[in-house]
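Here's a quick tour for anyone opening this structure for the first time. We'll stop at a few residues and strands and look at what surrounds them.

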Amino acid sequence: RILGLGLEEDQQVEADVFLLTEDEPELLAGGPGVNVQRSEPATDFLLDDLRSDVGMEWVPEDMWLSYLTVDAPAGELDFDLAASTTPDTAPSLVDAGVTPPEAVSLSPAGDDGGLAVWPVLAGFGAGLVALVLVIRRSRPGTPVPI
């Protein structure tokens, strides 16, 4: 959903999303036009390339790479990506921006109505965007090997 912010509902969103995690994540991603293309250990070449960028020395020796593509009208992107790398813990529907009908409640006056979740969602989305930009800027004009 964050990729479609500010776009008209019929504007096409085309994006490559790269997610690096310590372990293989369970992803809550789907819907029309959102597809997991790869889910595998990141190559040494990719991790070495990331570490070669200024300020990226922190990249670990081993990571898991998930690569998703998005190709859908902005109006059809109605939730965000949620991930979990904790065994036996599913990705959170709330973190993805999905509120199950039984969880909807009317908040009494003065209650924040669950608005405290938005900073987490915004931070996660900003982190994903930053990762995509770092990978794309690491070698301008050449595809990033994965």
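## Thr69, tucked away

Let's begin with Thr69, which has a relative accessibility of 17% and therefore counts as buried, the cut-off for that label being under 20%. Keep in mind as you look around that this is a predicted model.

Where does Thr69 lie? You'll find Thr69 in strand E4, which covers residues 64-73. Its side chain makes a polar contact with the side chain of Gln37, at 3.0 Å. Gln37 also turns up among the residues in contact with Thr69 once neighbours within four places in sequence are left aside, and the others on that list are Ala15, Asp16, Gly33, Val34 and Asn35.

Now zoom out to the strand itself. Is E4 largely enclosed or largely open? Eight of its ten residues are buried, so E4 is largely enclosed by the rest of the structure.

E4 pairs with E1, and ten bridges join these two antiparallel strands. To see one of those pairings, look for Leu20, whose bridge partner in E4 is Leu65. E4 also runs antiparallel to strand E3 (residues 34-41), with seven bridges joining them. Here you can pick out Arg38, which has Tyr67 as its bridge partner in E4.

Next stop: Ser84, in strand E5, which spans residues 82-84. Ser84 is buried too, because its relative accessibility comes to 9% and anything under 20% gets that label.

Which backbone atoms lie by the side chain of Ser84? One is the backbone nitrogen of Thr86, 3.4 Å from a polar atom of that side chain. Another is the backbone oxygen of Thr89, and here the distance to a polar atom of the Ser84 side chain is 2.6 Å. If you skip residues up to four places away in sequence, Ser84 touches Thr89, Ala90 and Pro91, along with Glu24, Pro25 and Glu26.

## A nonpolar patch on the surface

Finally, head out to the surface. Ile2, Leu3 and Leu5 form a nonpolar patch there, and together they have about 260 Å² of accessible area.

Take Leu5 from that trio: it sits in the segment before strand E1 (12-21).

Methods
Residues are numbered from 1 along each chain as its sequence is written. This is a predicted model: local features need pLDDT of at least 70, side-chain atom pairs count only at pLDDT 80 or more; totals for chains, interfaces and linings use all residues. Side-chain values use heavy atoms; hydrogens and water are left out. Helices (H or I, at least four residues) and strands (E, at least two) are DSSP runs, numbered from the N terminus. Buried means under 20% relative accessible area, exposed over 50%, partly exposed in between (1.4 Å probe, protein chains only). A polar contact is a pair of N or O atoms within 3.5 Å; within protein, one must be able to donate a hydrogen and the other to accept it, and residues adjacent in sequence count only if both atoms are side-chain atoms. Contact means heavy atoms within 4.5 Å. Patches are made of residues with over 30% relative accessible area and no salt bridge: like charges are joined within 9 Å, nonpolar side chains (Val, Leu, Ile, Met, Phe, Trp, Tyr) within 5 Å. Accessible areas come from the Shrake-Rupley method with a 1.4 Å probe; for residues, only the protein chains shown count as cover. A salt bridge is a side-chain nitrogen of Lys or Arg within 4 Å of a carboxyl oxygen of Asp or Glu. Two strands pair if DSSP finds at least two bridges between them.
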